[in-house]
Amino acid sequence: MGETASSVDEGLLLKNFYAEVSEVERDNEVVRILSCFKLNPFEYLNLPFDASPDEIKKQYRKLSLLVHPDKCKHPQSKEAFGALAKAQQLLHDENERDYLLSQVNSAKEELRAKRKKHLKKDTASKIKSLVEEGKYEQQYEQSEEFQQELKMKVRELLTEQEWRRRKMQMRISEEEGRLKREEEETKEMWKRKREHEEAWEGTREQRVSSWRDFMKAGKKGKKGEIRPPKLKTEDPNKSYVQRPVKRG
């Protein structure tokens, strides 16, 4: 009876132990995901750059179950779960994946050029490379050292591209803002012009009436005004007034 009770206790202890280990594994995975380079979805899914669509799908299912908020007690499990979902979505997008792989290829080319310069200085490695007809370089590119260099170089290129994209977006936003301000200023100018024309047209009758009154007053003259006598001359070319002459 004592042995049976002991076996039950050990079984429960073992179950609890695996539960604790599982929880630690889940927490560690959350921490790993949240520490990934944000611009590289391959890192979130912990996959190599040559992973196939099926491998991406399987890895996402595995990791998403591991950090699912309903099973993982880590306070940031929901954030990690969302990051995985976004990563697999990007990798299933053909255009996005092609862009990422183009950056990977550019990174490889840069590392190969760097490697070539190194081999020129290292005669022994150069000879070995020539003798093995490319196998030496192939083995190197499969090494952990190269994969780590490639990972860091891809980070560098993705960062540069993202910075260029943001600068371009900033310029586009500034240009859009400038055009919008010019459009608003133009609208305001035409609005003021229209209001001025409407105000001018609104006072038209008053201005016409005032002008008529002015013209009438000019024709009648002021009451009691003495006008100068008209010149009476026989010779229209004379500039003086000819007075009448008294006779005998």
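The legends below describe several close-up views of one predicted protein model.

Residues are numbered from 1 along each chain as its sequence is written, and side-chain values use heavy atoms, with hydrogens and water left out. Because this is a predicted model, local features need pLDDT of at least 70 and side-chain atom pairs count only at pLDDT 80 or more, while totals for chains, interfaces and linings use all residues.

View 1. Helices (H or I, at least four residues) and strands (E, at least two) are DSSP runs, numbered from the N terminus. Of the 248 residues of the protein, 21% count as buried, where buried means under 20% relative accessible area, exposed means over 50%, and partly exposed lies in between (1.4 Å probe, protein chains only).

**View 2. Helix H8 covers residues 144-202.** This helix has 59 residues and reaches 85 Å from its first C-alpha to its last, close to the 87 Å expected at 1.5 Å a residue, the expected span being 1.5 Å times one less than the number of residues. The buried residues of H8 are Phe-146, Leu-150, Lys-153, Val-154, Leu-157, Leu-158 and Glu-162.

View 3. Glu-162 is buried, with a relative accessible area of 16%, whereas Arg-166 is partly exposed at 48%.

**View 4. Arg-178 and Glu-175 also meet in a salt bridge, at 2.4 Å from N to O.** Both residues lie in helix H8, 3 residues apart, about one turn of the helix. Arg-178 is partly exposed, with a relative accessible area of 32%, and Glu-175 is partly exposed with 37%.

**View 5. In helix H5, Arg-112 forms a salt bridge with Glu-109.** The closest N and O atoms of this pair are 3.1 Å apart, and the residues, being 3 residues apart in the helix, are separated by about one helical turn. Arg-112 has a relative accessible area of 34% and is partly exposed, as is Glu-109 at 47% relative accessibility.

Methods:
A salt bridge is a side-chain nitrogen of Lys or Arg within 4 Å of a carboxyl oxygen of Asp or Glu.
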